[in-house]
Amino acid sequence: MVFLDFEKPVEELNKELEKLKEVASKSKVDLSKSVTELEEKIQDKIVELYSNLTPWQRVQVSRHPERPYTLAYIDHVSNKSFIELHGDRTVADDKAMVGGWGEIDGQTVMFIGQQKGINTKMRQIRRFGMANPEGYRKALRLMKMAEKFNKPIVTFIDTPGAYPGLEAEERGQGEAIAKNLLEMVQLKVPVICIIIGEGASGGALGIGIGDKVLMLENTWYSVISPESCSSILWRSWNFKERAAEALKLTAEDMSKHGLIDGIIKEPVGGAHRDPQATFETVKQEIKKHLNDLSKISAEERINQRIEKFGAMGVVHELD
Amino acid sequence: MGWFKRLKEGITTSTTDKKETPEGLWYKCPSCKKIHTAQDHHANKHVCLDCNYHERIGSKEYFEIIFDNNQFTELHENLVSGDPLEFEDTKKYTSRLTESIKKSGLKDALRSAYGKVNDQDLVVCCMDFGFIGGSMGSVVGEKIARSIDFCIKTKTPLLIISKSGGARMMEAAFSLMQMAKTSAKLSQLAQNKIPYISLLTDPTTGGVTASYAMLGDMNIAEPGSLIGFAGPRVVKETIGKDLPKGFQTAEFVLEHGFLDKIVPRTELKEKLGSLLKMLKN
């Protein structure tokens, strides 16, 4: 297990525990009571730390290297029925964006999401979850197909942003994202979007227009990463903690401001401490919302979507 | 042909020969450094008479260029931004707003108006770069949304003139959601089959490019404008080498298929008039 800097106390207790277990296995003395005590102590410490995370710490948890990524969620939620589909039919297959058919307890669903790599090589191939225009166009192609066959769409959002490369600009990164926003608003099928890690900027929003937009407890969603915000507004990389606070990017803040529709609880200590439990919660949430959304007509869903996003923003009218 | 050739444009005088240009009467082109009377420059729609450099101008100038006899009715002019996040970086967002309002004489980074262009109705939403870098916040989104409602109600075509560094960071996720909001409203406009022309001017980047600026039925741009999603500095850092010449200019974007046409400002009104007429006939 990789420990984050604020998890130092847990890491130390963990080391103690390992030592104790080693001693226990070598000697004949029964140490099971001490082991249990220490385990409880660790659990208490995790509860304590995680009950009071700062926005920056949440950003750290959202980027934890052992945190589950999109394909892991899809595999579990679809009970391994997932059939991945590739390519935007124009330029390439973007490995930073995945998608395809799967079943949730008999209901066919189109799954789409940004995918980060699970090791050094894959991280490069998947560009750290930063999609190119062809990724957004693949996503749109699959969404239109889902609409054609009247199947709901579930997107998993986990990206530090759209890829800012030379080819991405040549192939119209801005146009690709813009087109997705316009088209997703008018999709006739239910759309659920779940932020499972990082939700940065237009890159996240490009697959983020849904009837229900949900955030896992330890994720963030904003217009820019705290680091970049610090570098632009404070002209230094050293204000990321303050930027994280100022941006109000946590699930709690986003919900408070009415910019998302709900928060999905994570196991104590974050999704990576118990991925199976996280997957199961996410699956139940998807099922619940799909069931609710299926009761509304397509027209009504589209109107509600436009109304919801149309109401976002705070302005005053001067006399 | 000399041995040496100037690679950079606009350096024509040595320091000793430099003279101060008096303010007000003369316009000195920042690109070619040639001087013209302010009157001639204004008559040429703020485009340099020598090198065709398009000076950055605001909504006041665009309205004057586009609307017949500079006659127009401004829409929703009294909207100002809130500060839902109580944002503070090196400065409070509220004081930043107050300062910008005072300095620019504007209320936010976009003004909306309707009037006639060669006798045909048009709603124009025009961004002002002079207001916090033309950044897109709640007011920009709300004005576009309300203008679209007006277009649908009155069956009037829409022109949005983009000139923006992108999202307004001080409104964080609220700013991000303006991309969703404006796109949602534009989808309604499209459903009503009302024409939307997007004019991209220097510069158009970030969240504005990734929403309404790229969603026109027709996307047109001013010559030489910087148009892109990621800023050139960010792209340069990503690829780790210098950017090719002309990267992210309007001409580059046209060549890659994301613009319909580049229209010099001096021909803007005439072209808009023709397009509107053809779509109506």
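The model is predicted, so local features need pLDDT of at least 70 and side-chain atom pairs count only at pLDDT 80 or more, whereas totals for chains, interfaces and linings use all residues. Residues are numbered from 1 along each chain as its sequence is written, chains are lettered from A and ligands numbered from 1 in the order in which they are written, and side-chain values use heavy atoms, with hydrogens and water left out.

B:Arg56 forms a salt bridge with B:Asp202, with 3.1 Å between the closest N and O atoms; a salt bridge is a side-chain nitrogen of Lys or Arg within 4 Å of a carboxyl oxygen of Asp or Glu. B:Arg56 belongs to the loop between helix 1 and helix 2 of chain B and B:Asp202 to strand 8 of chain B, so the pair ties together parts that are 146 residues apart in sequence. Helices (H or I, at least four residues) and strands (E, at least two) are DSSP runs, numbered from the N terminus. B:Asp202 is buried, its relative accessible area being 18%. A cis peptide bond, with omega about -10°, joins B:Asp202 to B:Pro203, and B:Pro203 is placed in strand 8 (residues 196-204) of chain B. Most residues other than glycine have a negative phi, and most peptide bonds are trans. The loop between helix 1 (38-43) and helix 2 (59-66) of chain B also holds B:Asn52, a residue other than glycine whose phi is positive, near 70°. B:Asn52 is partly exposed, at a relative accessible area of 41%. A positive phi, about 45°, is likewise found at B:Ile132, in the loop between strand 6 (120-127) and helix 4 of chain B.

Over all chains, 40 salt bridges are counted by this rule. In chain A, A:Lys8 pairs with A:Glu11, the closest N and O atoms being 3.7 Å apart. A:Lys8 and A:Glu11 are separated by about one helical turn, because they are three residues apart in helix 1 (residues 8-26) of chain A. In chain B, B:Arg168 and B:Glu171 form a salt bridge with closest N and O atoms 3.8 Å apart, and both B:Arg168 and B:Glu171 are buried. Salt bridges that share partners also join A:Arg63, A:Lys116, A:Asp158, A:Glu198 and A:Glu227 into one network.

Chain B and chain A bury about 4,500 Å² between them, 74% of it on carbon and sulfur atoms; this is the accessible area (1.4 Å probe) that two parts lose on being put together, summed over both. Contact, meaning heavy atoms within 4.5 Å, takes in 55 residues from chain B and 49 residues from chain A. One salt bridge is found across the interface: the side chains of A:Glu317 and B:Arg146 meet at 3.3 Å, N to O. On the side of chain B that touches chain A, strand 4 (79-81), helix 4 (138-154), helix 5 (172-191) and helix 7 (232-239) each supply at least two residues. Helix 5 of chain B gives the largest share of that side, 17 residues.

Helix 5 of chain B has 20 residues and reaches 30 Å from its first C-alpha to its last, close to the 28 Å expected at 1.5 Å a residue; the expected span is 1.5 Å times one less than the number of residues. Of the 20 residues of helix 5 of chain B, 17 are buried, so this helix is largely enclosed by the rest of the structure. B:Lys193, with a positive phi near 55°, follows helix 5 of chain B.

In chain A, the buried residues of helix 13 are A:Thr278, A:Phe279, A:Val282, A:Lys283, A:Glu285, A:Ile286, A:His289, A:Leu290 and A:Leu293. They cover an arc of only 165° around the axis, which puts them on the same side of helix 13 of chain A; the arc is that of the directions from the helix axis to the C-beta atoms.

Definitions and conventions
Buried means under 20% relative accessible area, exposed over 50%, partly exposed in between (1.4 Å probe, protein chains only).
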